[in-house]
Amino acid sequence: METAAPAPPPRAPLPDSPTLKVLVVDDTATNRQILRVFLAKLGYQVQLAEDGAEAVERFTAWNPDIVLMDVMMPVMDGYEAARIIKKMCGERWVPIVFVSALDKEENLVMGLDAGGDDYLHKPVSFVVLHAKLRSLERSIQTQRALEESRRRLRETAERLQRYHDAQEEENALAQHIIERQMSRPGLADAAVQHWLAPAANFSGDVIAAARSPDGSLYVLLADATGHGLAAAISVLPVLTMFYDFVERGYPLDYIAAELNRQLCSTVPSGRFVAASLLWLNEETRRAHLWQGGMPPILLLDAQGGAKACFMSQQLPLGILDFDEEAAAIADIELEPGEQFVLFSDGLIEAADAAGSQFGLERLREVLTKAPASRRIEAVRTALYAHTGIGPLHDDVSLLLVGGA
(Lines give C-alpha, C1' and ligand atoms only; values in the text may rest on other atoms or scores of the structure.)
Protein backbone atom coordinates (compact mmCIF):
# COMPACT_ATOMS: atom_id res chain seq x y z
CA MET A 1 0.00 0.00 0.00
CA GLU A 2 1.25 3.44 -0.78
CA THR A 3 0.25 6.10 1.70
CA ALA A 4 -0.61 9.75 1.30
CA ALA A 5 1.07 12.17 3.69
CA PRO A 6 0.66 14.12 5.81
CA ALA A 7 -2.20 12.36 7.62
CA PRO A 8 -4.67 14.52 9.51
CA PRO A 9 -5.01 14.06 13.26
CA PRO A 10 -7.36 11.07 13.74
CA ARG A 11 -10.73 11.49 15.38
CA ALA A 12 -11.99 9.33 18.20
CA PRO A 13 -14.26 6.34 17.48
CA LEU A 14 -18.02 6.75 17.66
CA PRO A 15 -19.23 7.39 21.23
CA ASP A 16 -20.25 4.38 23.31
CA SER A 17 -19.11 1.99 20.55
CA PRO A 18 -17.21 -1.19 21.40
CA THR A 19 -13.58 -1.42 20.29
CA LEU A 20 -13.62 -3.02 16.86
CA LYS A 21 -10.97 -5.41 15.56
CA VAL A 22 -9.39 -4.69 12.17
CA LEU A 23 -7.33 -7.22 10.21
CA VAL A 24 -4.81 -5.57 7.88
CA VAL A 25 -3.63 -7.77 4.99
CA ASP A 26 -0.71 -6.52 2.85
CA ASP A 27 2.48 -8.11 1.58
CA THR A 28 4.45 -4.88 2.18
CA ALA A 29 5.70 -4.59 5.78
CA THR A 30 5.88 -0.76 5.69
CA ASN A 31 2.25 -0.46 4.62
CA ARG A 32 1.18 -2.88 7.33
CA GLN A 33 2.98 -0.94 10.05
CA ILE A 34 1.70 2.48 8.90
CA LEU A 35 -1.88 1.21 8.96
CA ARG A 36 -1.35 -0.48 12.31
CA VAL A 37 -0.21 2.79 13.92
CA PHE A 38 -2.98 4.81 12.26
CA LEU A 39 -5.74 2.40 13.28
CA ALA A 40 -4.40 2.06 16.81
CA LYS A 41 -4.58 5.85 17.26
CA LEU A 42 -8.22 5.66 16.16
CA GLY A 43 -8.85 3.19 18.98
CA TYR A 44 -9.12 -0.02 16.96
CA GLN A 45 -7.49 -3.33 17.81
CA VAL A 46 -5.24 -4.41 14.96
CA GLN A 47 -3.69 -7.61 13.69
CA LEU A 48 -1.55 -8.03 10.56
CA ALA A 49 -1.24 -10.65 7.80
CA GLU A 50 1.21 -10.61 4.91
CA ASP A 51 -0.76 -12.71 2.37
CA GLY A 52 -4.22 -14.20 1.77
CA ALA A 53 -3.45 -17.55 3.32
CA GLU A 54 -2.27 -15.94 6.56
CA ALA A 55 -5.30 -13.67 6.45
CA VAL A 56 -7.61 -16.70 6.48
CA GLU A 57 -5.70 -18.18 9.42
CA ARG A 58 -5.81 -14.89 11.37
CA PHE A 59 -9.48 -14.48 10.62
CA THR A 60 -10.26 -17.97 11.91
CA ALA A 61 -8.30 -17.44 15.12
CA TRP A 62 -9.14 -13.80 15.85
CA ASN A 63 -12.61 -13.21 14.32
CA PRO A 64 -12.11 -9.55 13.33
CA ASP A 65 -14.87 -7.04 12.60
CA ILE A 66 -13.33 -5.38 9.51
CA VAL A 67 -10.77 -6.58 6.96
CA LEU A 68 -8.52 -4.23 4.93
CA MET A 69 -7.34 -6.47 2.06
CA ASP A 70 -4.58 -5.93 -0.49
CA VAL A 71 -5.14 -7.63 -3.86
CA MET A 72 -1.82 -8.61 -5.38
CA MET A 73 -0.06 -10.87 -2.83
CA PRO A 74 1.95 -14.12 -2.95
CA VAL A 75 0.65 -17.53 -1.81
CA MET A 76 -3.01 -16.42 -2.05
CA ASP A 77 -4.31 -13.18 -3.56
CA GLY A 78 -6.89 -10.94 -1.93
CA TYR A 79 -9.78 -12.06 -4.13
CA GLU A 80 -9.46 -15.71 -3.16
CA ALA A 81 -8.95 -14.83 0.51
CA ALA A 82 -12.07 -12.66 0.45
CA ARG A 83 -14.18 -15.47 -1.02
CA ILE A 84 -13.02 -17.89 1.68
CA ILE A 85 -13.57 -15.39 4.50
CA LYS A 86 -17.08 -14.51 3.31
CA LYS A 87 -18.03 -18.20 3.35
CA MET A 88 -16.61 -18.51 6.86
CA CYS A 89 -18.72 -15.57 8.07
CA GLY A 90 -22.04 -17.28 7.41
CA GLU A 91 -24.85 -14.87 8.36
CA ARG A 92 -22.49 -12.55 10.25
CA TRP A 93 -21.54 -9.47 8.25
CA VAL A 94 -17.80 -8.67 8.20
CA PRO A 95 -17.02 -5.88 5.74
CA ILE A 96 -13.98 -6.40 3.48
CA VAL A 97 -12.39 -3.26 2.02
CA PHE A 98 -9.97 -3.89 -0.84
CA VAL A 99 -6.97 -1.55 -0.85
CA SER A 100 -5.03 -1.81 -4.12
CA ALA A 101 -3.02 0.09 -6.72
CA LEU A 102 -5.11 -1.65 -9.40
CA ASP A 103 -7.51 1.09 -10.46
CA LYS A 104 -9.28 -0.26 -13.51
CA GLU A 105 -13.01 -0.83 -13.49
CA GLU A 106 -12.60 -4.57 -13.95
CA ASN A 107 -10.48 -4.70 -10.79
CA LEU A 108 -13.26 -2.98 -8.82
CA VAL A 109 -15.82 -5.37 -10.28
CA MET A 110 -13.68 -8.41 -9.44
CA GLY A 111 -13.26 -7.18 -5.88
CA LEU A 112 -16.99 -6.72 -5.39
CA ASP A 113 -17.74 -10.08 -7.02
CA ALA A 114 -15.27 -11.75 -4.63
CA GLY A 115 -17.29 -10.45 -1.67
CA GLY A 116 -15.73 -7.07 -1.10
CA ASP A 117 -17.84 -4.31 0.38
CA ASP A 118 -15.71 -1.34 -0.74
CA TYR A 119 -12.59 -0.52 -2.75
CA LEU A 120 -9.86 2.04 -2.04
CA HIS A 121 -7.08 2.97 -4.43
CA LYS A 122 -3.47 3.40 -3.45
CA PRO A 123 -2.02 5.74 -2.41
CA VAL A 124 -4.47 5.68 0.48
CA SER A 125 -6.01 8.92 1.70
CA PHE A 126 -6.23 8.61 5.47
CA VAL A 127 -9.08 11.13 5.52
CA VAL A 128 -11.10 8.92 3.17
CA LEU A 129 -10.05 5.75 4.99
CA HIS A 130 -11.09 7.22 8.33
CA ALA A 131 -14.46 8.30 6.91
CA LYS A 132 -15.09 4.85 5.46
CA LEU A 133 -14.16 3.17 8.74
CA ARG A 134 -16.59 5.39 10.64
CA SER A 135 -19.30 4.58 8.11
CA LEU A 136 -18.57 0.86 8.43
CA GLU A 137 -18.57 1.17 12.21
CA ARG A 138 -22.05 2.68 12.16
CA SER A 139 -23.23 -0.10 9.85
CA ILE A 140 -21.67 -2.74 12.08
CA GLN A 141 -23.36 -1.26 15.16
CA THR A 142 -26.70 -1.29 13.34
CA GLN A 143 -26.13 -4.86 12.22
CA ARG A 144 -25.20 -5.96 15.72
CA ALA A 145 -28.24 -4.25 17.17
CA LEU A 146 -30.42 -6.11 14.69
CA GLU A 147 -28.67 -9.38 15.49
CA GLU A 148 -29.15 -8.77 19.19
CA SER A 149 -32.83 -8.01 18.63
CA ARG A 150 -33.20 -11.20 16.61
CA ARG A 151 -31.36 -13.16 19.29
CA ARG A 152 -33.64 -11.83 21.99
CA LEU A 153 -36.68 -12.56 19.85
CA ARG A 154 -35.45 -16.11 19.31
CA GLU A 155 -34.85 -16.56 23.02
CA THR A 156 -38.27 -15.13 23.81
CA ALA A 157 -39.88 -17.39 21.22
CA GLU A 158 -38.04 -20.39 22.64
CA ARG A 159 -39.11 -19.52 26.18
CA LEU A 160 -42.71 -19.09 25.02
CA GLN A 161 -42.57 -22.38 23.17
CA ARG A 162 -41.21 -24.16 26.24
CA TYR A 163 -43.92 -22.55 28.36
CA HIS A 164 -46.55 -23.49 25.78
CA ASP A 165 -45.30 -27.08 25.62
CA ALA A 166 -45.33 -27.33 29.43
CA GLN A 167 -48.83 -25.88 29.56
CA GLU A 168 -50.04 -28.27 26.87
CA GLU A 169 -48.59 -31.18 28.81
CA GLU A 170 -50.27 -30.05 32.01
CA ASN A 171 -53.53 -29.38 30.16
CA ALA A 172 -53.44 -32.83 28.61
CA LEU A 173 -53.03 -34.39 32.06
CA ALA A 174 -55.81 -32.26 33.53
CA GLN A 175 -58.07 -33.04 30.60
CA HIS A 176 -57.41 -36.75 31.00
CA ILE A 177 -58.30 -36.58 34.69
CA ILE A 178 -61.47 -34.59 34.05
CA GLU A 179 -62.59 -36.86 31.22
CA ARG A 180 -62.09 -39.90 33.41
CA GLN A 181 -64.21 -38.28 36.11
CA MET A 182 -66.99 -37.57 33.60
CA SER A 183 -66.86 -40.86 31.70
CA ARG A 184 -69.03 -42.94 34.00
CA PRO A 185 -71.26 -45.88 33.02
CA GLY A 186 -74.39 -43.99 34.06
CA LEU A 187 -74.23 -41.77 30.98
CA ALA A 188 -74.75 -44.89 28.85
CA ASP A 189 -78.05 -45.59 30.66
CA ALA A 190 -80.88 -46.34 28.23
CA ALA A 191 -82.95 -43.57 29.83
CA VAL A 192 -80.29 -40.91 29.18
CA GLN A 193 -79.23 -39.14 26.00
CA HIS A 194 -76.60 -36.42 26.15
CA TRP A 195 -74.47 -33.98 24.17
CA LEU A 196 -71.62 -31.83 25.49
CA ALA A 197 -69.71 -29.34 23.30
CA PRO A 198 -67.00 -27.37 25.14
CA ALA A 199 -66.04 -23.86 24.02
CA ALA A 200 -62.39 -24.53 24.97
CA ASN A 201 -60.25 -27.58 25.71
CA PHE A 202 -62.02 -27.95 29.02
CA SER A 203 -65.72 -27.73 29.62
CA GLY A 204 -67.20 -25.75 32.48
CA ASP A 205 -70.37 -27.78 31.92
CA VAL A 206 -70.66 -31.17 33.60
CA ILE A 207 -73.20 -33.89 32.96
CA ALA A 208 -73.58 -36.96 35.13
CA ALA A 209 -76.03 -39.84 35.55
CA ALA A 210 -76.10 -42.83 37.88
CA ARG A 211 -78.46 -45.35 39.44
CA SER A 212 -78.87 -45.60 43.20
CA PRO A 213 -79.04 -49.01 44.95
CA ASP A 214 -82.86 -49.01 44.63
CA GLY A 215 -82.68 -48.44 40.86
CA SER A 216 -83.68 -44.78 40.84
CA LEU A 217 -81.97 -42.61 38.23
CA TYR A 218 -80.11 -39.48 39.35
CA VAL A 219 -79.04 -36.87 36.80
CA LEU A 220 -76.87 -33.77 37.17
CA LEU A 221 -76.22 -30.92 34.76
CA ALA A 222 -73.89 -28.27 36.19
CA ASP A 223 -72.47 -25.09 34.65
CA ALA A 224 -69.55 -23.39 36.41
CA THR A 225 -68.74 -19.70 36.06
CA GLY A 226 -66.87 -19.07 32.80
CA HIS A 227 -65.36 -21.89 30.76
CA GLY A 228 -62.01 -23.60 30.28
CA LEU A 229 -59.75 -25.14 32.92
CA ALA A 230 -60.74 -22.77 35.77
CA ALA A 231 -64.42 -23.61 35.28
CA ALA A 232 -63.69 -27.33 34.97
CA ILE A 233 -61.73 -27.33 38.23
CA SER A 234 -64.55 -25.47 40.00
CA VAL A 235 -67.09 -28.09 39.03
CA LEU A 236 -65.02 -31.24 39.67
CA PRO A 237 -65.93 -31.47 43.39
CA VAL A 238 -69.60 -31.39 42.40
CA LEU A 239 -69.11 -34.33 40.06
CA THR A 240 -67.18 -36.45 42.57
CA MET A 241 -69.61 -35.80 45.43
CA PHE A 242 -72.64 -36.41 43.22
CA TYR A 243 -71.58 -39.95 42.34
CA ASP A 244 -70.69 -40.70 45.95
CA PHE A 245 -74.07 -39.51 47.24
CA VAL A 246 -76.01 -41.40 44.55
CA GLU A 247 -74.17 -44.60 45.41
CA ARG A 248 -75.32 -44.10 49.02
CA GLY A 249 -78.90 -43.45 47.89
CA TYR A 250 -79.25 -40.01 49.52
CA PRO A 251 -82.35 -37.95 48.65
CA LEU A 252 -82.09 -35.10 46.18
CA ASP A 253 -82.56 -32.26 48.68
CA TYR A 254 -79.71 -33.61 50.83
CA ILE A 255 -77.43 -33.87 47.78
CA ALA A 256 -78.18 -30.28 46.75
CA ALA A 257 -77.49 -28.99 50.26
CA GLU A 258 -74.19 -30.89 50.58
CA LEU A 259 -72.96 -29.78 47.17
CA ASN A 260 -73.70 -26.19 48.13
CA ARG A 261 -71.93 -26.55 51.48
CA GLN A 262 -68.83 -27.95 49.80
CA LEU A 263 -68.69 -25.20 47.17
CA CYS A 264 -69.31 -22.41 49.71
CA SER A 265 -66.29 -23.62 51.68
CA THR A 266 -63.89 -24.23 48.76
CA VAL A 267 -64.75 -22.05 45.75
CA PRO A 268 -63.38 -18.45 45.74
CA SER A 269 -65.76 -15.53 46.02
CA GLY A 270 -67.31 -14.70 42.66
CA ARG A 271 -67.16 -18.31 41.50
CA PHE A 272 -70.26 -20.45 41.63
CA VAL A 273 -71.91 -23.41 39.92
CA ALA A 274 -75.38 -23.32 38.42
CA ALA A 275 -76.95 -26.77 38.54
CA SER A 276 -80.01 -28.84 37.73
CA LEU A 277 -80.57 -32.04 39.69
CA LEU A 278 -83.13 -34.67 38.73
CA TRP A 279 -84.26 -37.83 40.48
CA LEU A 280 -86.42 -40.23 38.47
CA ASN A 281 -88.15 -43.45 39.50
CA GLU A 282 -89.65 -45.16 36.46
CA GLU A 283 -91.62 -47.67 38.54
CA THR A 284 -93.49 -45.10 40.62
CA ARG A 285 -93.48 -42.56 37.74
CA ARG A 286 -92.32 -39.82 40.01
CA ALA A 287 -89.55 -37.26 39.66
CA HIS A 288 -87.90 -34.71 41.91
CA LEU A 289 -86.24 -31.55 40.61
CA TRP A 290 -83.85 -29.04 42.12
CA GLN A 291 -82.69 -26.08 40.03
CA GLY A 292 -80.29 -23.30 40.92
CA GLY A 293 -79.42 -20.61 38.38
CA MET A 294 -80.03 -22.82 35.35
CA PRO A 295 -82.30 -22.34 32.31
CA PRO A 296 -85.76 -23.91 32.45
CA ILE A 297 -86.21 -27.68 32.35
CA LEU A 298 -88.70 -28.78 29.70
CA LEU A 299 -91.01 -31.77 30.00
CA LEU A 300 -92.17 -33.33 26.72
CA ASP A 301 -95.16 -35.66 26.53
CA ALA A 302 -95.08 -39.02 24.79
CA GLN A 303 -95.82 -37.41 21.42
CA GLY A 304 -93.08 -34.79 21.84
CA GLY A 305 -95.35 -31.93 22.74
CA ALA A 306 -94.22 -29.38 25.31
CA LYS A 307 -96.15 -30.36 28.45
CA ALA A 308 -94.41 -28.22 31.09
CA CYS A 309 -91.58 -25.77 31.67
CA PHE A 310 -89.97 -25.70 35.11
CA MET A 311 -88.21 -22.46 35.95
CA SER A 312 -85.25 -22.23 38.29
CA GLN A 313 -86.29 -21.01 41.72
CA GLN A 314 -82.95 -21.10 43.57
CA LEU A 315 -79.55 -19.42 43.48
CA PRO A 316 -76.58 -21.30 42.00
CA LEU A 317 -74.52 -23.50 44.29
CA GLY A 318 -71.69 -21.90 46.23
CA ILE A 319 -73.17 -18.43 46.87
CA LEU A 320 -75.14 -18.62 50.13
CA ASP A 321 -75.66 -21.19 52.85
CA PHE A 322 -78.79 -23.29 52.34
CA ASP A 323 -81.90 -22.95 54.44
CA GLU A 324 -84.97 -25.14 54.22
CA GLU A 325 -86.43 -23.11 51.37
CA ALA A 326 -83.23 -23.21 49.34
CA ALA A 327 -83.17 -27.02 49.49
CA ALA A 328 -86.81 -27.36 48.43
CA ILE A 329 -87.50 -29.69 45.50
CA ALA A 330 -90.30 -29.97 42.98
CA ASP A 331 -92.27 -33.25 43.10
CA ILE A 332 -93.66 -34.29 39.70
CA GLU A 333 -95.97 -37.09 38.59
CA LEU A 334 -95.19 -38.50 35.15
CA GLU A 335 -97.09 -40.23 32.38
CA PRO A 336 -95.57 -43.01 30.28
CA GLY A 337 -93.20 -41.78 27.56
CA GLU A 338 -92.61 -38.32 29.02
CA GLN A 339 -89.10 -36.93 28.74
CA PHE A 340 -87.17 -34.24 30.61
CA VAL A 341 -84.93 -31.84 28.67
CA LEU A 342 -82.07 -30.25 30.62
CA PHE A 343 -79.62 -27.83 29.01
CA SER A 344 -77.09 -25.10 29.82
CA ASP A 345 -77.46 -21.45 28.86
CA GLY A 346 -74.72 -21.90 26.27
CA LEU A 347 -77.29 -23.67 24.09
CA ILE A 348 -80.08 -21.11 24.02
CA GLU A 349 -77.71 -18.12 24.12
CA ALA A 350 -75.61 -19.27 21.14
CA ALA A 351 -75.86 -16.47 18.57
CA ASP A 352 -75.49 -16.13 14.83
CA ALA A 353 -73.34 -13.49 13.10
CA ALA A 354 -76.06 -10.87 13.57
CA GLY A 355 -76.27 -11.54 17.33
CA SER A 356 -79.62 -13.37 17.21
CA GLN A 357 -79.72 -16.09 19.88
CA PHE A 358 -80.80 -19.67 19.28
CA GLY A 359 -83.41 -19.18 21.98
CA LEU A 360 -85.79 -21.29 24.03
CA GLU A 361 -88.64 -21.20 21.51
CA ARG A 362 -86.43 -22.45 18.68
CA LEU A 363 -85.18 -25.25 20.94
CA ARG A 364 -88.73 -26.23 21.87
CA GLU A 365 -89.76 -26.23 18.21
CA VAL A 366 -86.83 -28.45 17.17
CA LEU A 367 -87.50 -30.90 20.00
CA THR A 368 -91.22 -31.27 19.35
CA LYS A 369 -90.71 -31.91 15.62
CA ALA A 370 -88.01 -34.58 16.03
CA PRO A 371 -88.59 -38.26 16.92
CA ALA A 372 -87.54 -39.09 20.48
CA SER A 373 -84.52 -41.10 19.32
CA ARG A 374 -83.19 -38.26 17.11
CA ARG A 375 -83.75 -35.19 19.28
CA ILE A 376 -80.09 -34.73 20.25
CA GLU A 377 -79.04 -34.90 16.60
CA ALA A 378 -81.82 -32.52 15.57
CA VAL A 379 -80.80 -29.91 18.16
CA ARG A 380 -77.13 -30.17 17.22
CA THR A 381 -77.93 -29.76 13.51
CA ALA A 382 -80.22 -26.81 14.15
CA LEU A 383 -77.70 -25.09 16.41
CA TYR A 384 -74.87 -25.29 13.89
CA ALA A 385 -77.21 -24.21 11.10
CA HIS A 386 -78.01 -21.14 13.21
CA THR A 387 -74.52 -20.21 14.39
CA GLY A 388 -72.38 -21.66 11.60
CA ILE A 389 -69.89 -24.46 12.21
CA GLY A 390 -67.09 -22.85 14.17
CA PRO A 391 -65.89 -22.24 17.73
CA LEU A 392 -68.62 -21.79 20.31
CA HIS A 393 -68.50 -18.84 22.68
CA ASP A 394 -69.77 -20.85 25.65
CA ASP A 395 -70.00 -24.49 26.63
CA VAL A 396 -73.13 -26.24 25.36
CA SER A 397 -74.69 -29.21 27.10
CA LEU A 398 -77.97 -31.05 26.59
CA LEU A 399 -79.52 -33.96 28.52
CA LEU A 400 -82.66 -35.91 27.64
CA VAL A 401 -83.93 -38.10 30.48
CA GLY A 402 -86.76 -40.61 30.41
CA GLY A 403 -89.11 -41.23 27.51
CA ALA A 404 -89.50 -44.99 27.93
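Reader: How is a pair of aromatic rings described?

Author: A pair of aromatic rings is described by two things, the distance of the centres and the angle of the planes. In this predicted model, the count comes to 10 aromatic pairs. One of them joins phenylalanine 98 and tyrosine 119, with ring centres 6.2 Å apart and planes at 40°. Planes under 30 degrees apart would count as stacked and over 60 as edge-to-face, so this pair is tilted.

Reader: Which parts of the chain does the pair of phenylalanine 98 and tyrosine 119 tie together?

Author: Phenylalanine 98 belongs to strand β4 (residues 96-100) and tyrosine 119 to strand β5 (residues 118-121), so the pair ties together parts 21 residues apart in sequence. Ring pairs also link Tyr79 with Phe98 and Tyr119 in a cluster.

Reader: Is phenylalanine 98 buried or exposed, and what about tyrosine 119?

Author: Buried means under 20% relative accessible area. Phenylalanine 98 has 0%, so it counts as buried. Tyrosine 119 has 8%, so tyrosine 119 counts as buried too.

Reader: How do tryptophan 290 and phenylalanine 322 pair?

Author: Their aromatic pair is tilted, at 5.7 Å centre to centre and 35° between the planes. Tryptophan 290 is in strand β10 (residues 286-292), while phenylalanine 322 is in the loop between β12 (306-310) and β13 (330-333), so parts 32 residues apart in sequence are tied together. Tryptophan 290 is buried, with a relative accessible area of 1%, whereas phenylalanine 322, at 22%, counts as partly exposed.

Reader: Where do arginine 184 and arginine 380 lie?

Author: Each is placed over the face of a ring. For arginine 184 the ring is that of tyrosine 243, with 4.2 Å to the ring centre. For arginine 380 the ring is that of tryptophan 195, and the distance to the ring centre is 5.5 Å.

Reader: How many residues does the largest nonpolar core have, and which have the most contacts inside it?

Author: A nonpolar core is a set of buried residues joined through side-chain atoms. The largest here has 28 residues, and Leu220, Phe242, Ile255 and Leu277 have the most contacts inside it. At least two residues of this core come from each of β7 (205-211), β8 (217-224), α6 (229-248), α7 (252-266) and β9 (273-281). The largest share, nine residues, is supplied by α6.

Reader: What is phenylalanine 242 in contact with?

Author: Leaving aside neighbours within four places in sequence, the contacts of phenylalanine 242 include Ala208, Tyr218, Leu220, Ile255 and Leu277. Another core, of 23 residues, lies apart from the largest one; Val192, Val219, Leu299 and Phe310 are among its residues.

Technical notes. Residues numbered from 1 in each chain as written. Predicted model: local features only at pLDDT ≥ 70, side-chain atom pairs only at ≥ 80, totals over all residues. Heavy atoms only, no water. Phe/Tyr/Trp six-rings, centres within 6.5 Å; stacked < 30°, edge-to-face > 60°. Helix = DSSP H or I, 4+ residues; strand = E, 2+ residues; numbered from the N terminus. Buried < 20%, exposed > 50% of the residue type's maximum accessible area, 1.4 Å probe, protein only. Lys NZ or Arg CZ within 6 Å of the ring centre and 35° of its normal. Core = buried A, V, L, I, M, F, W, Y, C linked by side-chain atoms within 4.5 Å. Contact = heavy atoms within 4.5 Å.
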